[in-house]
Amino acid sequence: MIRFLQPAIVGFLLMLAGELLAQQPSNTPPTQEGDYIAHDFHFKSGETLPELRLHYTTLGKPTRDAAGRVTNAVLILHGTGGSGRNFLLPQFAGVLFGPGQLLDITRYFIILPDNIGHGKSSKPSDGLHAHFPQYEYDDMVAAQHELLEKGLGVSHLRLLMGTSMGCMHSWLWLEAYPNFMDAAMPLACLPAQIAGRNRMWRKMVIDGIRNDPEWNNGEYKSEPKTALQIAADIMLIAGSAPLPMQKNFPTRDAADTYLSNYLQRLRESVDANDLLYAVSASRNYDPSPELEKISAPVMYVNSADDFINPPGLGIAERQIKRVRRGQFVLIPASEQTHGHGTHTWAALWQQYLKQLLESSQ
């Protein structure tokens, strides 16, 4: 079933690159942080790490049934270059995690992992550089599963959510562990192999880093400037949307100033190897052959101004028909949407989360 949602709020532009640079507000909900160490972790490439560190943030407390099983866990998976703390931003946490809200932390145990290669989890910049295992999305999902079961004692999810890369992880979860969750809400991706323009811009970022002589096969002493410039330029376009950009930067000078500040912030906060690995991790993603295996209810949301997942391709509409209990929502483009980053503005799609939670009780 396909539905359309009228936008509900006006906010600042949040782009894919914004996930990389987001500043955390001072009034975030109370959180707990921890690290789980996965010993002798095996990657699909055949490589191993003696210790894989998986950092996580949690909100709320687990509730257990008579058998000791956690019944209120919600796993939320971040996008490329981000971390679990992206979901503490006001446009997400302020809409969902407060008293009486849909994911009220007095009722739910919210789990926000930093995925492999991201945040405070193990990543190339820790020291291995380009000798870090060549992880892919299947590895990231396997690590998330181990974190839940062995690290946090969670063997079932009330809800699985994911944005962008996390959206793609959600589809892999639904197929690999079909009985693990009561419901799932993937936001801003396509359940199909990354191809066409989506693959091309990712390959541009990858090649732009690898072909910069300053990258030096990953053994650079300072960040390769040209590589990061190429990555920043491409990701800015990929993650942006024309209507809010025109509204927020209506003059030449405003646009130039924003661009200059954005590039400077990205250069100061991004490691080239970490970015290279993060973008490359999508290379083998393709849940399309096994969509019929999915048994949990799925509320799948994209926005019409998403450059990365353009609705004109028709992929979402075709693929959701293969998901037995799946629904698809397309949010129309407007000055209130944020391109690819619409996934983090919960006010735009929370009514559909409410419907999913009620229908999957």
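Visitor: How far apart are the mean positions of the positive and negative charges of the chain?
Guide: They sit 5 Å apart, taking the 31 positive and 36 negative charges of the chain. Bear in mind that this is a predicted model.

Visitor: OK, and the surface? How much of it belongs to carbon and sulfur atoms?
Guide: That share is 52% of an accessible surface of about 14,700 Å².

Visitor: What about the inside, what percentage of residues count as buried?
Guide: 58% of the 361 residues do.

Visitor: Switching to the fold: how many helices and strands are there?
Guide: The chain has 11 helices and 9 strands. Its radius of gyration is 19 Å, close to the 21 Å from the globule rule for 361 residues, so the chain is as compact as a globular protein of that length.

Visitor: And what does the C-alpha trace span along its principal axes?
Guide: About 60 × 50 × 45 Å.

Visitor: Which share of the contacts joins residues at least 24 apart?
Guide: 80%, counted among contacts between residues at least 6 apart in sequence.

Visitor: Now disulfides. How many does a search of the whole structure find?
Guide: It turns up 1 disulfide. The partners are Cys167 and Cys189, with their sulfur atoms 2.1 Å apart.

Visitor: Where in the chain are those two?
Guide: Cys167 belongs to helix 4, residues 165–176. Cys189 is in the loop between strand 7 (184–187) and helix 5 (196–210). The two cysteines are 22 residues apart, and the pair links distant parts of the chain.

Visitor: Left-handed or right-handed, that disulfide?
Guide: Left-handed, because the torsion about the S-S bond of Cys167 and Cys189 is about -60°.

Visitor: And are these cysteines buried or exposed?
Guide: Buried, both Cys167 and Cys189.

Visitor: Let's look at Ala188. Where is that one found?
Guide: Ala188 is in the loop between strand 7 and helix 5, the loop that also holds Cys189.

Visitor: Why does Ala188 count as buried?
Guide: Its relative accessibility is 5%, and buried means under 20%.

Visitor: Which residues is Ala188 in contact with, leaving aside neighbours within four places in sequence?
Guide: Ser164 and Cys167 are on the list, along with Val301, Asn302, Asp306 and Asn309, plus the histidines His340 and His343. Cys167 is also the disulfide partner of Cys189.

Visitor: What separates the C-alpha atoms of Ala188 and Gly162?
Guide: A distance of 8.5 Å, with the two residues 26 apart along the chain.

Technical notes. Residues are numbered from 1 along each chain as its sequence is written. This is a predicted model: local features need pLDDT of at least 70, side-chain atom pairs count only at pLDDT 80 or more; totals for chains, interfaces and linings use all residues. Side-chain values use heavy atoms; hydrogens and water are left out. Helices (H or I, at least four residues) and strands (E, at least two) are DSSP runs, numbered from the N terminus. The radius of gyration is taken over C-alpha atoms; the globule rule is 2.2 Å times the number of residues to the power 0.38. Buried means under 20% relative accessible area, exposed over 50%, partly exposed in between (1.4 Å probe, protein chains only). Contact means heavy atoms within 4.5 Å. Accessible areas come from the Shrake-Rupley method with a 1.4 Å probe; for residues, only the protein chains shown count as cover. Lys and Arg count as positive and Asp and Glu as negative; His and the chain ends are not counted. The place of a charge is taken as NZ of Lys, CZ of Arg, CG of Asp or CD of Glu. A disulfide is a pair of cysteine sulfur atoms within 2.5 Å.
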